[in-house]
Amino acid sequence: MTEPHAHPSRGRVGVMLPRDLPVRDVLPFARRAEELGFDQVWVVEDLGWRGGVAQAATVLATTSRLTVGIGIMPAGARNVGFAAMELATLAQLHPGRLIAGIGHGMPDWMRQAGSWPASPLTLIKEYAQALRLLIAGKPGPTNGRYVRCEGVVLTEVPDVVPPVVLGVRGPKSQAIAGEFADGLLLAEPAAPAYITASLDNLGSADPREIVTYDAAAVDDDEEAALARVRTALEVVGEPEWAAHLAPLPFAEELRAHREAGPDARQFARTMPAAWVRELSIAGTPAQARAAIDARHAAGATSVVLAPAGPDALTALDSLARALPHRH
């Protein structure tokens with residue numbers, strides 16, 4: 001009999017599988033992450049790179065303990081019935097080791113692919129509701145504006161239903177996650193204040209998965225670590241990232257700093273070190289552990305480190321020095 005997934009456990013630390021990792025390094029990266037003691041590996045699905053379901057299936061098959069998260073599958077990219085079949089199959093084959101993330105997708109990418117809806121909020125609401133029902137072996141809901149799977153029932157369903165989290169930024173989308181999903185995936189940067197604000201938007205007292213992404217670098221030389229994550233922070237001055245910054249005390253200063261600079265690269269290179277520390281998990285092992293702990297204290301159930309720097313495999317070993325069990 002299919003059982004609901006367990007309440008999320010807290011204090012987990014994961015690592016992101018970089019989208020540009022050479023193919024020869026994908027499986028060694030996943031296996032090394034497991035050896036080093038990470039709890040999770042998260043794969044991304046960005047237009048033009050690698051597919052999320054294919055990556056998740058491969059990482060699950062080549063490891064034995066890791067939970068694998070997909071962050072995220074754009075709702076407009078797949079028919080919900082067939083997406084449910086893929087996820088249910090993964091969860092059947094690897095019980096209790098999958099977290100499914102869905103979201104709007106980046107608007108420009110989705111428009112380029114011809115899959116951006118007139119009402120993104122309506123689509124994500126209908127999609128999340130239908131996906132969770134179908135994966136659990138229940139009939140699809142009444143047909144909606146975008147999602148049409150009324151009465152569809154999956155024959156093959158997992159013993160442990162994987163949580164479905166929404167990778168969304170805006171308060172209205174996060175409120176939908178509180179009503180129709182099992183939690184949130186917060187893209188980078190996910191400073192503690194942003195986690196707190198997102199939980200307020202979620203508006204649910206029930207236990208939820210709260211997964212956070214952050215650019216990360218660990219080095220005995222703090223300045224070297226901060227320098228490595230600056231490139232990853234170039235995008236945070238752009239309008240799409242405003243929700244991440246609004247709860248922070250230096251949000252207006254950061255906006256003015258971006259407007260005053262000639263480009264995103266200069267913006268990140270000249271950002272005050274205190275801002276870099278807040279917007280990433282970077283520094284010495286002790287400093288990185290403190291940043292991870294602060295995100296868990298703010299409500300994150302899983303803190304996911306996105307390796308910064310040109311060599312992801314080397315970075316992975318460095319990041320493991322910040323794992324809590326290595327105190």
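Contact here means heavy atoms within 4.5 Å. The model is predicted.

**Figure 1. Close-up of the packing of helix H3 against helix H5 in the predicted model.** Two packed helices are described by the angle between their axes and the distance between the axes. For H3 (residues 80-93) and H5 (residues 120-135), the angle is about 45° and the axes are 9 Å apart. H3 is therefore oblique to H5. Their crossing is right-handed. On the H3 side, Val80, Gly81, Ala83, Ala84 and Leu87 take part in the contact, and they meet Tyr127, Ala130, Leu131, Leu134 and Ile135 of H5. Sorted by class, the residues of this contact of H3 with H5 are 9 nonpolar and 1 polar, with no charged residues.

**Figure 2. Close-up of the packing of helix H1 against helix H14.** H1 spans residues 23-36 and H14 spans residues 312-319. Their axes lie 10 Å apart, at an angle of about 10°. Angles under 35 degrees count as roughly parallel, so H1 is roughly parallel to H14. H1 contributes Asp25, Pro28, Phe29, Arg32, Ala33 and Leu36, which meet Ala312, Leu313, Leu316 and Asp317 in H14. In the contact of H1 with H14, 7 residues are nonpolar, 3 are charged and no residue is polar.

Figure 3. The structure holds 2 aromatic pairs. A pair of aromatic rings is described by the distance of the centres and the angle of the planes. Trp42 and Tyr213 are both buried.

**Figure 4. Close-up of the aromatic pair of Phe250 and Trp275.** The ring centres of Phe250 and Trp275 are 5.1 Å apart, and the planes are at 10°. Planes under 30 degrees apart count as stacked, so the pair of Phe250 and Trp275 is stacked. Phe250 sits in the loop between helix H9 (242-245) and helix H10 (251-260), while Trp275 is part of helix H12 (residues 273-278). The pair links distant parts of the chain, with Phe250 and Trp275 lying 25 residues apart. Both Phe250 and Trp275 are buried.

Note on methods
Residues are numbered from 1 along each chain as its sequence is written. This is a predicted model: local features need pLDDT of at least 70, side-chain atom pairs count only at pLDDT 80 or more; totals for chains, interfaces and linings use all residues. Side-chain values use heavy atoms; hydrogens and water are left out. Axes are lines fitted to C-alpha atoms, for helices over the stretch in contact, and angles run from 0 to 180 degrees between N-to-C directions. Helices (H or I, at least four residues) and strands (E, at least two) are DSSP runs, numbered from the N terminus. Angles under 35 degrees count as roughly parallel, over 145 as roughly antiparallel, 65 to 115 as roughly perpendicular and the rest as oblique. A crossing is left-handed if the near helix is turned anticlockwise from the far one by less than a right angle, and right-handed if clockwise. Ala, Val, Leu, Ile, Met, Phe, Trp, Tyr, Cys and Pro count as nonpolar, Asp, Glu, Lys and Arg as charged, and the others, Gly among them, as polar. Rings of Phe, Tyr and Trp (its six-membered ring) pair if their centres lie within 6.5 Å; planes under 30 degrees apart count as stacked, over 60 as edge-to-face and the rest as tilted. Buried means under 20% relative accessible area, exposed over 50%, partly exposed in between (1.4 Å probe, protein chains only).
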